[in-house]
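Please open the model in your viewer and keep the selection panel at hand. We will go from stop to stop together.

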Amino acid sequence: MGYRQKIVLVEPAYLIRAGLRKIISELPGMSVVETFEGNEIRLIDKILSKTPDVVIINPDVFKKNELISFINKLNNENLVLVGLTGRHTSFGCKSHFRYCLDSGESKYDLLEVLKKINRSLQTKNIESENTSLTQREKIILNRVVRGQTTQEIADSLFLSVHTVNTHRKNISNKLGIKTLSGLTVYALMNKIVGMDEVE
Amino acid sequence: MLIQKEMKLADVIHHDHFLIPVINRFGIHLGFGDKTIDELCRENDINTIFFLTILNAYHDHEYFPKKHLQSFPASLLVNYLLKSHQYYLDEKVPEIEKLIVSLPDETDMDNGTLTLLENFFSEYKQELINHIRREEDLVYPYIVEMEKAVSSGVIPDSVFKQMADYSITDYEAEHENVEEKLFDLKNIIIKYLPETKDDRPFFKILKELFALENDLNDHSRIEDLILVPKVEAMERKLKSMKR
């Protein structure tokens with residue numbers, strides 16, 4: 001089985017959380033990695049720490065201005081926001097979301113929406129499926145584990161800091177290794193850097 | 001399954017054997033026959049509601065004991081968390097360390113790679129120890145002192161100073177760094193281990209790493225779900241008392 005899209009669910013009612021979890025579990029390509037009730041402190045940070053592909057939220061957990069700032073913050077992170085809506089949800093509120101799951105719909109209509117989300121994300125994942133590092137990324141990894149800062153790397157390779165950061169992010173995503181010591185072990189094992197170059 | 005005090009503990013353990021280390025931390029030893037949870041708690045002088053809360057929180061990740069939070073003191077929870085720290089540092093981590101240190105005798109992999117893994121694990125271990133020390137030296141005593149202040153109504157200045165310096169809300173974020181390292185270690189072994197004739201020793205290590213990760217996740221879920229809300233409530237109460 002390939003990559004499973006990670007879903008975070010924000011909904012105060014347990015019954016609805018459990019129901020949605022059950023439906024999502026029928027789709028092999030997606031899984032709910034965390035659920036929140038909506039009143040947690042620093043909710044956004046907690047959501048983002050799960051690195052979700054999809055966030056399903058019940059807009060009722062927020063006041064109107066809160067909702068908009070919440071949506072804006074999450075939209076910046078390049079993930080799919082789905083509204084968990086009902087009969088009483090206003091049209092204006094629904095328009096904030098690319099997709100809506102309506103609590104009044106039948107199981108198969110809900111599954112159709114979920115499948116649509118799943119398909120739209122698959123193309124994105126095929127691109128990032130390629131996990132071998134490019135030559136440029138290897139050069140940057142070499143410098144990172146030798147202890148150079150992003151600024152130093154940018155200066156010496158005539159790149160912008162932003163570009164170096166993008167490379168670093170891609171390297172971590174491709175390898176599935178986040179910490180500097182983890183990257184160092186990888187680079188040493190794959191002879192991207194020599195034992196005498198680090199420390 | 002919701003675990004209740006009328007249930008026989010033996011049945012509960014048959015249903016979910018991952019609870020064994022938990023009952024162990026409460027001082028309940030094997031061989032408890034057909035006794036119910038309630039009976040065992042009374043015999044061992046354990047707060048039944050607290051015991052049930054912890055069992056249920058480990059057993060069911062959706063369990064959230066809002067109503068019971070106020071029925072036991074935070075100091076009980078702190079004691080329990082201290083015991084599980086001891087379990088990680090005195091049992092789990094040394095077990096894994098032993099497996100990693102004995103790798104040179106068990107595989108044909110070159111020593112350079114093995115040293116890298118060994119160093120990486122000892123770095124992780126140090127970080128885990130630092131994190132645990134910080135909790136035990138700073139966070140837990142603060143909680144115990146705060147609870148005393150709430151119940152006695154006498155609030156020492158030190159508690160207020162600490163409340164200003166360090167709120168419990170900051171504390172949740174600290175867990176993550178330690179978790180990331182453990183994840184990286186697993187991923188390096190799963191995805192990037194150089195070829196070897198016999199990778200069984202690495203299976204064993206992986207299995208232990210997954211078990212440790214699982215246990216640590218449960219531990220921090222208990223902290224996030226039970227300890228943090230309790231302390232936040234006390235912080236609010238103390239702030240209102242000051243006014």
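Here is a short tour of the two chains, one selection at a time.

Before you click, note that this is a predicted model, in which local features need pLDDT of at least 70 and side-chain atom pairs count only at pLDDT 80 or more, while totals for chains, interfaces and linings use all residues. Residues are numbered from 1 along each chain as its sequence is written, chains are lettered from A and ligands numbered from 1 in the order in which they are written, and side-chain values use heavy atoms, without hydrogens and water.

**Stop one: chain A.** Select chain A and colour it by secondary structure. You will find nine helices and five strands, where helices (H or I, at least four residues) and strands (E, at least two) are DSSP runs numbered from the N terminus. Following the sequence, the order is β-α-β-α-β-α-β-α-β-α-α-α-α-α. The C-alpha trace of chain A spans about 65 × 40 × 25 Å along its principal axes.

**Stop two: the domains of chain A.** Select residues 5-129 for domain 1, then 135-197 for domain 2; such bounds come from an automatic or database domain assignment. The C-alpha centres of these two domains of chain A are 34 Å apart. Of the 199 residues in chain A, 45% are buried, meaning under 20% relative accessible area with a 1.4 Å probe, protein chains only.

**Stop three: chain B.** Now switch to chain B, which has 11 helices and zero strands. Its C-alpha trace spans about 65 × 50 × 25 Å along the principal axes. Of its 243 residues, 48% count as buried.

**Stop four: helix 11 of chain B.** Select residues 200-242 of chain B. How far apart are the end C-alpha atoms of helix 11 of chain B? They are 61 Å apart, which agrees with the 63 Å that its 43 residues should span at 1.5 Å a residue; the expected span is 1.5 Å times one less than the number of residues. Then centre on B:L227, where helix 11 of chain B bends by about 35 degrees, the angle between axes fitted to the seven residues ending there and the seven starting there. A proline, B:P229, follows within four residues.

**Stop five: confidence in chain B.** The mean for chain B is 87, and 94% of its residues reach 70 or more. Where pLDDT is low, the predicted coordinates should not be read in detail.

Note on methods:
Buried < 20%, exposed > 50% of the residue type's maximum accessible area, 1.4 Å probe, protein only. pLDDT = per-residue confidence, 0-100.
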